[in-house]
Amino acid sequence: MESSILESIGVEIIGVMSPVSICMLLVVLLVYALSPSNPFSASAPPIRTAANLVYLESPSDSASQKLEGALLNALVFVVLIAIVTFLLVLLYYYNFTNFLKNYMRFSAFFVLGTMGGSIFLSIIQHFSIPIDSITCFLLLFNFTVVGVLSVFSGGIPIFLRQAYMVCLGIIVAAWFTKLPEWTTWVLLVALAVYDLVAVLAPGGPLKLLVELASSRDEELPALVYEARPTVSRNTQRRGSGLELLVAGVSDSGSVELQAVTRDNVNRNENESRGNSEYSAVEFGSFGSEGHDSNRDEGERLLSEENARDRQSLSSDSSGYSTVIVQSDRATQFSSGASEIINEEMSPLVEMTGLGNEREQLRRDGSEMFSKGIKLGLGDFVFYSVLVGRAAMYDLMTVYACYLAIISGLGCTLILLSVCHRALPALPISITLGVVFYFLTRLLMEPFVVGTATNLVMF
């Protein structure tokens with residue numbers, strides 16, 4: 001039975017969900033660990049950032065004031081992101097690639113050195129780690145420099161680059177959890193809507209950037225997490241169970257059939273590529289001897305397999321063609337051979353170009369993952385912000401939001417394998433996460449706590 005698209009990209013999907021889960025877990029641990037200390041305490045005054053330029057939320061404000069201020073903050077922040085993204089597209093369109101790379105290097109250095117350094121100092125103070133200032137500076141400097149080199153330089157192990165991308169997401173998400181509660185939730189919803197428009201709408205900045213990078217066959221000028229595809233050994237073992245039926249015309253003019261392995265065909269095909277040219281092979285009439293003669297012929301061919309594998313195919317033969325057949329049963333071999341003979345296809349080489357439409361669709365679906373699934377750093381950040389904000393209320397909301405985000409990411413990856421185009425990763429996951437958060441906080445948490453406190457079993 002043919003493998004589905006989901007089976008062929010299963011490893012890549014797990015390769016994306018695992019770092020996302022690690023990022024969310026570490027952000028939750030940071031929120032819990034640093035909650036009594038500054039600058040990540042929930043009781044500390046909110047900081048002024050680009051996400052709350054217009055309105056700074058106060059506990060004494062009414063719900064309408066908080067909602068209105070949160071909407072204004074989200075609107076300003078989304079407009080700023082849109083302007084920066086269009087500027088990025090404009091610079092990339094006019095080939096300011098070196099400037100963009102240097103800007104991203106500076107951004108990564110700033111995030112790891114200053115924002116990450118602040119978190120590092122908070123951890124040292126909270127856990128009373130005995131360390132002097134010189135050692136702390138050297139560790140932070142080495143961590144920052146190695147991080148920038150790992151993300152932007154070649155020849156670095158992919159695991160190290162992925163680890164630093166996750167670190168960048170954790171640091172930025174930990175700072176975003178300091179935003180006021182109303183501003184955080186409205187901002188997450190606004191960013192999900194913006195991501196949907198920017199990627200799918202005609203003229204969207206992210207869509208223009210992806211199309212421009214694809215037309216130039218270049219990497220996106222952005223911080224993107226790459227999950228490189230891996231070929232499992234089971235797949236290779238399944239492929240080795242198939243054999244190839246090779247048909248060629250010998251010097252005497254008779255038609256010869258030979259069952260060889262896939263490796264032999266690849267080797268002989270490379271050797272004969274420069275010496276011979278494919279030609280038409282026609283099968284004559286083999287009479288009407290019935291299925292018994294075909295079965296005997298198939299058994300005879302299978303018995304000669306070991307002997308014929310030791311012989312190399314002559315480079316003077318006028319053509320080769322390959323047909324994938326099952327090698328474990330002689331009956332399947334003979335039935336397939338009888339169908340080929342009765343078709344009288346000329347030339348036989350054209351038969352390999354027909355293929356199976358379903359197999360071609362599966363191949364097309366897996367080709368888009370040949371370079372791995374790519375997930376923007378912003379997706380890591382805002383997934384973790386949602387879970388971090390949920391962690392400030394209760395662990396039950398953390399579990400619900402985590403499951404909702406992972407389910408939404410899985411749905412997005414399934415749609416990616418079906419649509420064969422770039423898709424936004426925020427809308428489904430953020431929508432499910434926000435809905436599950438409020439359902440858990442308003443409905444599930446009071447019900448579970450009430451039944452537990454009253455010793456009600458259900």
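This is a predicted model: local features need pLDDT of at least 70, side-chain atom pairs count only at pLDDT 80 or more; totals for chains, interfaces and linings use all residues.
Residues are numbered from 1 along each chain as its sequence is written, and side-chain values use heavy atoms, leaving out hydrogens and water.

**Exercise 1.** Find which residues of α8 are buried, and what covers them.

Solution. 
- Helices are DSSP runs of H or I with at least four residues, numbered from the N terminus.
- Buried means under 20% relative accessible area, exposed over 50% (1.4 Å probe, protein chains only). The buried residues of α8 are Pro 205, Leu 209, Leu 212 and Ala 213.
- These residues lie on the same side of α8, because they cover an arc of only 95° around the axis; the arc is that of the directions from the helix axis to the C-beta atoms.
- An α-helix has 3.6 residues a turn, so residues three or four places apart point the same way.
- The face turned away from the buried side carries the exposed residues Ser 214 and Ser 215.
- The cover over the buried residues includes α3 (63–93) and α7 (181–200), where contact means heavy atoms within 4.5 Å.

**Exercise 2.** Describe the setting of Asn 95 and of Asp 217.

Solution. 
- Most residues other than glycine have a negative phi.
- Asn 95 is in the loop between α3 and α4 (97–127) and is exposed, at 54% relative accessible area.
- Asp 217 follows α8, with a positive phi near 55°. Asp 217 is exposed, at 63%.

Technical notes: Helices (H or I, at least four residues) and strands (E, at least two) are DSSP runs, numbered from the N terminus.
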